[in-house]
Amino acid sequence: MSRENSNSAYAYKILKRNIFELNLKPGSELSEKVIGEKLGMSRTPIREALILLKHDQLIESIPQKGTFVTKISAQKVLEAKVLRVALETAAFERVIEALDEEFIEDLRTNIKMQRVYCEGNRNYLEFHKMDNDFHKMIFEKAGIPGLWELALNGTGHYQRVRVLNAKNKTSDISVVKEHEEILEALEKKDINKLRGMLEHHLGRTLLKLKKLEAENPEYFEIKEETTKDDTFILLK
């Protein structure tokens, strides 16, 4: 990989992480020049990174205005949840056939760290990372790590809502408890119970979506009101 390609990959990774973690807020403007200065890069790799972020629907270019971080779309959050449930159900079905005590212990350790960040120092970003790592470990053990990248990269709007929710309520221990219950069902190889638990676990963000929209309206897309028009033209 050339240095320029390496730089664009690094810039993409850094920018995406900052968008996911809401350091680059929805609706904020991005400048190739400023980003290049902060990362010590020329504009070419920054431009390439921005192209990838546009593909991920995390940024958009508005003619005569500039390039902006996309606001969160409630519809895309819903679609991402459906994608996550489908992919994770497939991963759990595969991982059941590859279970061993070492892997179970790794998952237990991960959950313990979740509790530390949730109940101890209340570091919501580290808690969110450990939460993601829990799910990532399942995909890796199932032998389909590429599908985790699909689940993560294709669900940017969903990921931002999760971070926003965690940021507002770090002390909520219910996510950790659900991970413990998922692990218990996994140990018992109860795939039917796991399917239902994943549907609930990955859908809990949707239950809080309206509240988060009301609390952070500047982060979300404005829904356009539709009006009923009874007039029409009949074309022959």
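Glutamate 88 and arginine 84 both lie in helix H4, four residues apart, which is about one turn of the helix (helices being DSSP runs of H or I with at least four residues, numbered from the N terminus). The two form a salt bridge whose closest N and O atoms are 2.5 Å apart, a salt bridge being a side-chain nitrogen of Lys or Arg within 4 Å of a carboxyl oxygen of Asp or Glu. Both glutamate 88 and arginine 84 are buried, where buried means under 20% relative accessible area, exposed over 50%, and partly exposed in between, with a 1.4 Å probe and protein chains only.

This is a predicted model, in which local features need pLDDT of at least 70 and side-chain atom pairs count only at pLDDT 80 or more, while totals for chains, interfaces and linings use all residues. Residues are numbered from 1 along each chain as its sequence is written, and side-chain values use heavy atoms, leaving out hydrogens and water.

Arginine 84 is also one of the residues touched by threonine 155, together with Ala80 and Leu83, not counting residues up to four places away in sequence (contact means heavy atoms within 4.5 Å). Threonine 155 sits in the loop between H7 and helix H8 (156–168), and it counts as buried because its relative accessibility is 1%.

Glutamate 178 in helix H9 and arginine 204 in helix H10 are 26 residues apart, and their side chains meet at 3.3 Å, N to O. Glutamate 184 and lysine 188 also meet in a salt bridge, but here glutamate 184 is partly exposed at 40% relative accessibility and lysine 188 is exposed at 59%.

Technical notes:
Helix = DSSP H or I, 4+ residues; strand = E, 2+ residues; numbered from the N terminus.
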